[in-house]
Amino acid sequence: MSQIVIDKVVKEYPVGRDTIVAVKNASLTIEKGSFVSIVGHSGSGKTTLLSLVGGMVSPTAGRVLFNGEDLYTWNSDRLSEYRCEQVGFMFQSASLLPILTAKENLMLPVAFRTRESPDNSHEQRADELLHAVGLSDKINTYPSQLSGGQQRRVAIARAFMNGPELILADEPTGDLDEETENDMMQFFLRMNKEHGTTFIMVTHNSDLARQTQQHLRMDRGVISAV
Ligand code: ADP
Ligand code: MG
């Protein structure tokens, strides 16, 4: 069974009296453990597609299946659990809470888990992830004392905190220098290989896209294989 099936999905947004068709009849399957890149111009529907797969935006038509189940038939508790525990998100902005340290920002997703409360093992995991993104010396630092690129790396680490099966990454390295960007890509590839984590990553960097297995392009809401 494919991990993700996007089946004839349409997403329309009403804007005044008009309707914007952000995703036009998209069909796509993604196998567990694959690394998918998506390229496309601004406004082509990339973020909308990630949001549909992430259980954040319901389709106007069509279905989004995860391990054979239609996300949008789930009740809101099940959908929240999916977003919190099965998916890791890297949004276009780093979106850290300013009143929490780097480590506390990583602990936050654990607090929303339904099954366990945070303990030492989670603290250790937060430390390890911050180490993996090169921020061992910034564990107890607040976002305002971090550079934009460092904040970005905290957000990258945070996405792995709940051991997700799927990472949805929206230009996750867009604001990093070339060397750090390559380091983060190596980290993603390692997580993909060692843990079988599926990645769907929007990127404008063709060097990064080339390192992925499945290449997609979006053009005015239409998705195609490259
Ligand atoms: P991309 O990520 O490729 O830049 P988006 O998915 O953000 O594209 O947007 C696709 C289209 O849908 C754009 O025309 C955008 O203006 C529109 N759009 C996105 N989100 C909304 C929304 N919440 N309400 C109305 N229109 C939206
Ligand atoms: Mg976008």
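**Conventions.** I number residues from 1 along each chain as its sequence is written, with chains lettered from A and ligands numbered from 1 in the order in which they are written. The model being predicted, local features need pLDDT of at least 70 and side-chain atom pairs count only at pLDDT 80 or more, while totals for chains, interfaces and linings use all residues; side-chain values use heavy atoms, with hydrogens and water left out.

**The sheet.** I took helices (H or I, at least four residues) and strands (E, at least two) as DSSP runs numbered from the N terminus, and I counted two strands as paired if DSSP finds at least two bridges between them. I found six strands in an open sheet of mixed pairing, in the order β6-β7-β8-β3-β9-β10. The edge strands, each pairing on one side only, are β6 (87-90) and β10 (222-225). From one strand to the next the twist averages 20°, where axes are lines fitted to C-alpha atoms, for helices over the stretch in contact, and angles run from 0 to 180 degrees between N-to-C directions.

**Strand β3.** I then turned to β3 (residues 35-39), which pairs in the parallel sense over four bridges with β8 (residues 198-202) and, also parallel and over four bridges, with β9 (residues 214-219). S37 stands opposite M201 in β8, and the bridge partner of I38 is L216 in β9. Is β3 mostly covered or mostly open? Five of its five residues are buried (under 20% relative accessible area, with exposed over 50% and partly exposed in between, for a 1.4 Å probe and protein chains only). F35, S37 and V39 lie on one side, V36 and I38 on the other.

I noted four bridges joining β6 in parallel to β7 (residues 166-170), with M90 partnered by A169. Helix α6 (residues 178-195) packs on the sheet, touching β3, β6 and β8, and its direction makes about 150° with that of β8.

**Helices α3 and α4.** Lastly I checked α3 (residues 102-111) and α4 (residues 120-132), whose axes come within 9 Å and cross at roughly 125°. The two are therefore oblique to each other, given that under 35 degrees counts as roughly parallel, over 145 as roughly antiparallel, 65 to 115 as roughly perpendicular and the rest as oblique. Their contact (heavy atoms within 4.5 Å) includes L106 and M107 of α3 and L129 and L130 of α4.
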